[in-house]
Amino acid sequence: MRNLRTPIKVIIDTDPGVDDAFAIIYALNRPEIEVLGVTSIFGNAGTDATTRNALALLEMAGRTDIPVARGCENPIGMSLAEWQEIAKGFPRGAKNVHGDNGLGGAAIPEFKQEPIDLHAVDFILETIKRFPGEVVLVPLGRLTNLAAAIIKD
């Protein structure tokens, strides 16, 4: 049984748009949650933008101690080019809600943090192995990183 005074260790798997930004900030400010890392995924914007958004959010929150691992760019079994071709057919996709940068067009300040040199799938697997039975995965976006981690494991 878990000690209720011990924070829950989580990995947030996310495509930080407006909604996920609120969830991340909320989690960072809850004493019962220990964010071990943030992994990015395509969704509200491409993986480059969602990784940048995650890094910027953590820096603005003063939490550059939390690693960000860049994740998958496209669905499993599909090339990036195939996915981009399909995504062209979406009427503005998530841009109608999340803007061109995924954060509603909000100006994102410059930040210094870089993603770690480990793919999100590997970060998830290594972290779970480091803390067996203790890590809760919190997927806020597409489940591709988690599916890839299950397949790889």
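In what order do the four strands of the open sheet stand? The order is S3-S2-S1-S4, with parallel pairing, and the views below start from there. This is a predicted model, in which local features need pLDDT of at least 70 and side-chain atom pairs count only at pLDDT 80 or more, while totals for chains, interfaces and linings use all residues. Residues are numbered from 1 along each chain as its sequence is written, and side-chain values use heavy atoms, with hydrogens and water left out.

**View 1. The whole chain has six helices and four strands.** Helices (H or I, at least four residues) and strands (E, at least two) are DSSP runs, numbered from the N terminus. Read from that end, the elements follow the pattern β-α-β-α-β-α-α-α-β-α. Of the 153 residues, 40% count as buried; buried means under 20% relative accessible area, exposed over 50%, and partly exposed in between (1.4 Å probe, protein chains only).

**View 2. The open sheet is built from parallel pairs.** Two strands pair if DSSP finds at least two bridges between them. S1 and S2 are joined by seven bridges, and here Lys 9 has Glu 34 in S2 as its bridge partner. Strand S2 (residues 33–40) is linked to S3 by two bridges, with Val 38 partnered by Val 68 in S3. As for S1, six of its seven residues are buried.

**View 3. Helices lie against the sheet.** Helix H1 (residues 18–28) lies across strand S1 (8–14) and S2, and runs at about 165° to S1. Helix H5 (residues 120–130) also packs on the sheet, where it touches S1, S2, S3 and S4. The direction of H5 makes about 155° with that of S2. Such angles run from 0 to 180 degrees between N-to-C directions, and the axes are lines fitted to C-alpha atoms, for helices over the stretch in contact. Contact means heavy atoms within 4.5 Å.

**View 4. The largest nonpolar core has 17 residues.** A nonpolar core is a set of buried Ala, Val, Leu, Ile, Met, Phe, Trp, Tyr and Cys residues joined through side-chain atoms within 4.5 Å. Ile 11, Cys 72, Val 121, Ile 124, Val 135 and Ala 149 have the most contacts inside this core. H5 and helix H6 (144–152) each supply at least two of its residues, and H5 gives the most, with five. Apart from this core lies another one of 14 residues, among them Ala 27, Leu 28, Val 35 and Leu 55.

**View 5. H5 has its own set of buried residues.** They are Ala 120, Val 121, Phe 123, Ile 124, Leu 125 and Thr 127. Their cover includes S1, S2, S3, S4 and H6. Leaving aside neighbours within four places in sequence, Val 121 is in contact with Cys 72, Asn 145, Ala 148, Ala 149 and Lys 152.

**View 6. Asn 74 sits in the loop between S3 and helix H3 (80–88).** Is Asn 74 buried or exposed? With a relative accessible area of 16%, Asn 74 is buried. A polar atom of its side chain lies 2.3 Å from the backbone oxygen of Met 78. Not counting residues up to four places away in sequence, Asn 74 touches Phe 42, Ser 79, Leu 80, Trp 83 and Thr 144.

Note on methods:
A polar contact is a pair of N or O atoms within 3.5 Å; within protein, one must be able to donate a hydrogen and the other to accept it, and residues adjacent in sequence count only if both atoms are side-chain atoms.
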